[in-house]
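Subject: Structure handover

Hello,

Please find the structure below. My notes on it follow.

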Amino acid sequence: MSDATKKLEALGKQMVSQVEKGEGPTFETVLRTKSNTIYDEAIGCLRTGDKKELRKFLSMAQARTFMQTVAIGAKTKQFLRENLHTSIRGLFYQLKFTLGEDIDEDLFTEQSESNALIEDIEVALKIKREDLNLTTDRKGFVAGPMTILDRFGGEETLIDLTKQGRSGWSIPSDVDNGMEIKKLDADYVLVVEKDALWQRLNEDKFWKKENCLLVTPKGQSTRGTRRLLRKLADKKLPIYCLMDCDAWGWYIYWTIKTGSMNLAYLGRDFAVPEAKFLGVTMSDIKEFEFLQKLTMKAKDVDVKRAEEMLGYPWINRYADWVRELKMVLKTKKKIEQDALQGQRLTFVGEYINKKIKNKEWLS
Amino acid sequence: MADDDIFKQFREHSVAEFFKKNRQMLGFSGKVRSLTMIVHEFVTNSLDACEEAGILPEIYVQVDELDAQAKDHYRVTVKDNGPGIPKSHLGKALGQMLAGTKFHRYLQQRGQQGIGASACVMFSYLTTGQPTKAISACKGKKITANITIDFKSNKPVVEDPVEEPAAEGESGLTVVSEFKDVRYERSNYGVYEYLRRTALANPHCSITLVEPGDQMSAFPRSVQVNPRRPFEIKPHPLGIGTHDLLEFAKHSRDYRKLSAFLQNTFSRLSAGRVDELRALVPGVDFDKNPQELDWNEAELLVNAFRQVKWIAPATDSLVPIDKEQIEISFTNIFRPEVLVVTERAPKVYRGGIPFMVEVGLAYGGGLVSAEKKGEVMRFANRVPLLFDSGGCAITETIKSMDWKRYDIRNFEDEPVAVLVNLVSVHVPYTSAGKQAISNEEDVMDEIKFALMEASRGVQKYLSGRRRAHDIANKKKLVSRYVQQLSSDLATLSGEKSDSIAKKLTQIIEEKYAQEDEEEAGGVAEPAEKAEEGEDE
């Protein structure tokens with residue numbers, strides 16, 4: 001019996017014992033509001049605070065969501081027993097039915113209802129949705145010296161990430177359950193924001209030359225990608241990130257590093273405080289002359305984002321970032337990572353080597 | 001022609017002419033209203049006669065349409081079970097204008113309205129040329145006679161009297177009279193509504209109405225005892241105007257001296273007070289014959305009255321309908337969901353005239369099925385006021401109420417009925433039509449306080465009902481999730497769904513039963529006493 005199944009069953013038994021004692025069933029969860037989101041300096045990431053919330057069935061405001069939450073619990077327990085996976089949309093469709101012939105009401109009417117309650121269960125039971133056989137979208141890729149054992153659909157497959165050709169290995173939504181790192185020889189992990197740059201470096205066999213793992217989240221990281229990076233960091237591999245020098249790039253980086261406000265409840269399991277920002281930086285523009293001609297004018301959203309970031313305590317505690325962000329506000333410029341190919345296609349590799357060797361990164 | 005003849009001729013015409021020209025003043029304006037006034041005059045006389053004789057009134061009213069083509073031609077029959085009228089008084093009672101003794105009596109009485117049955121007899125004669133038929137069973141004799149009025153002498157004419165022995169126990173007066181220029185209508189101003197409201201304010205009466213087309217309606221008696229008889233009181237000096245004082249003085253024959261007249265005619269006017277008045281108006285001779293009092297002196301006296309500190313008049317002469325009786329008759333007629341009756345303590349207006357206010361406020365129930373909305377029923381000394389509602393203090397006070405505060409969102413669009421009865425020895429009417437009460441501040445205040453008191457009672461009920469409704473809703477909402485929750489809890493825990501559902505249902509029952517009790521006990525009646533500025 002999985003840990004998640006045990007926890008679901010314990011929750012059920014606790015509620016039933018309340019009912020047997022003549023009390024209305026309740027469960028405790030952690031408040032997921034902005035005011036209860038804190039930056040934990042000790043672990044270097046965002047997490048939810050200590051404010052608890054008691055959910056009650058015998059409450060006008062909560063009766064429906066309480067029933068819905070328990071319904072999700074029961075349904076996922078069934079998924080676990082049957083060892084079948086589905087997406088959160090699939091779960092929604094499983095639970096979209098009428099409450100009874102004489103009741104003009106559906107258990108769920110909108111997926112947004114069930115999405116929020118899945119998070120409630122994750123928080124209340126301190127488990128991840130992946131543990132409940134709920135899959136999420138995947139889009140990240142990785143290549144390099146690592147071998148994975150994938151137990152799936154009743155089969156075990158050994159996957160060598162050095163033999164994935166031009167496309168790399170697609171990071172699954174769940175890298176914890178049924179997934180095992182068998183062999184890992186890499187010295188570090190390089191995360192590049194864009195797939196285009198990943199393909200460029202893959203063609204150069206960059207990961208082979210550098211003995212690293214080459215990862216792209218293809219934009220914002222999925223839960224699976226973040227989880228994989230966390231596990232790799234746990235294996236003491238340094239995590240280096242190469243992003244655009246603009247609002248979106250920074251946001252992608254900080255989500256990897258400290259987690260996002262929305263998913264703060266996931267805490268350290270989905271954050272990589274050890275990650276470093278290799279570039280592209282505003283200082284690079286000064287250092288490499290050819291880049292100066294390749295800058296773009298920062299948009300309002302970039303400037304606004306920079307201002308916001310200066311206000312976040314988990315960012316403004318790093319002097320190097322404050323300097324960088326102030327430069328953005330001053331010059332109102334930005335630059336894409338693709339610009340590194342402006343001079344020569346192979347320049348990127350040299351740039352990365354230099355940065356890592358000289359420890360030229362931002363925190 | 002001698003001067004005398006001119007005046008004689010003038011006088012012969014005068015009564016009829018005066019009547020014709022001043023019909024409106026006497027209440028005979030409009031065809032529907034005229035018919036209602038006729039029924040009112042006869043029924044009022046019957047009620048007064050029965051009550052005075054200690055008989056529980058049984059009134060029978062029949063209106064027949066006589067000429068379907070010509071229209072507006074009716075016969076009105078009013079029959080009572082009163083003591084009847086002896087032959088000697090029959091003519092005077094029905095055929096002489098202003099024959100009554102109601103003038104300047106300080107007594108709470110119905111007959112303040114209209115000018116009596118004689119006016120109806122005259123109206124009948126003037127419009128149809130027919131006499132009024134009277135059948136009086138009195139003390140074992142039964143007299144049948146036709147009555148008209150001799151305009152020349154303003155004297156009643158009793159024609160063709162037939163006297164026969166009355167049947168065993170037979171007693172009462174029946175009046176049969178024909179009218180043109182009137183109309184029967186089942187409107188808010190018609191005879192039906194008048195009698196319905198009369199029955200409401202006089203639950204000791206039994207009233208039967210037969211309308212044109214022989215449709216019979218009965219308003220049964222709901223209280224088996226006659227109301228206490230009001231008694232006459234002396235007027236209070238503060239309730240008196242200059243003209244009133246002169247009239248009293250002219251009619252007084254018993255006193256030679258003004259001082260004695262004052263002490264004996266007015267209440268609270270002691271010898272000590274006469275001395276005070278003497279000091280205030282040294283120019284008035286208090287030893288003179290009161291009949292010689294002139295306007296100037298009367299005015300000086302009345303002004304002096306205002307400066308003396310008086311003891312308030314006695315208020316025990318007032319007879320309200322009574323809280324319990326209103327409750328009984330209201331319930332009988334409307335069967336409302338909730339009814340609150342308030343009876344205010346007697347008060348005084350203009351410093352000297354006692355009055356009191358009763359209010360009955362009914363909501364829902366039979367009012368919903370009767371489609372009655374925002375019905376206002378005005379009464380003065382138990383007599384329904386059907387006309388001139390616009391300028392009436394009762395209507396205006398009801399309009400000025402902030403009904404929303406009492407959970408009655410829109411007074412005119414909700415199943416609510418209000419009865420307001422103003423009881424006084426002298427009802428302050430706006431005009432001679434006597435259908436609206438003037439805006440006396442003291443009177444309006446009392447009406448308002450009585451309405452507020454009743455409204456609070458209704459509000460308490462309505463909010464209680466809404467609370468019960470809310471709790472039922474909550475219970476329903478939670479209950480509908482029990483099956484789904486139980487089956488999911490069973491999946492999660494491995495326990496049985498049925499037993500979880502059973503227990504859960506029980507918990508819900510207990511919780512909301514308890515909540516109902518707690519809330520009902522915990523809600524205090526909102527205190528508004530301070531705002532009303534009551535000083536009792």
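Helices (H or I, at least four residues) and strands (E, at least two) are DSSP runs, numbered from the N terminus. By that count, chain B has 16 helices and 14 strands. This is a predicted model, in which local features need pLDDT of at least 70 and side-chain atom pairs count only at pLDDT 80 or more, while totals for chains, interfaces and linings use all residues. Residues are numbered from 1 along each chain as its sequence is written, and chains are lettered from A and ligands numbered from 1 in the order in which they are written.

Chain B has 536 residues, 40% of them buried (20 or more other C-beta atoms within 10 Å of the residue's own, with C-beta atoms placed from the backbone). Of its contacts (C-beta atoms within 7 Å) between residues at least 6 apart in sequence, 73% join residues at least 24 apart.

Between the chains, 28 residues of chain A and 20 residues of chain B take part in the contact. On the chain A side, helix H1 (3-20), H2, strand E6 (98-100) and strand E7 (103-106) each supply at least two residues. That side divides into 16 nonpolar, six polar and six charged residues (Ala, Val, Leu, Ile, Met, Phe, Trp, Tyr, Cys and Pro count as nonpolar, Asp, Glu, Lys and Arg as charged, and the others, Gly among them, as polar).

One helix pair spans the two chains: H2 (residues 63-82) of chain A and H14 (residues 482-493) of chain B. Residues of H2(A), including A:Met67, A:Val70 and A:Lys77, meet residues of H14(B), among them B:Leu485, B:Asp488 and B:Leu492. By class, this helix contact has seven nonpolar, four polar and two charged residues.

Regards

How values were computed. Buried ≥ 20, exposed ≤ 12 C-beta atoms within 10 Å, placed from the backbone. Contact = placed C-beta atoms within 7 Å. Axes fitted to C-alpha atoms, helices over the stretch in contact; angles between N-to-C directions.
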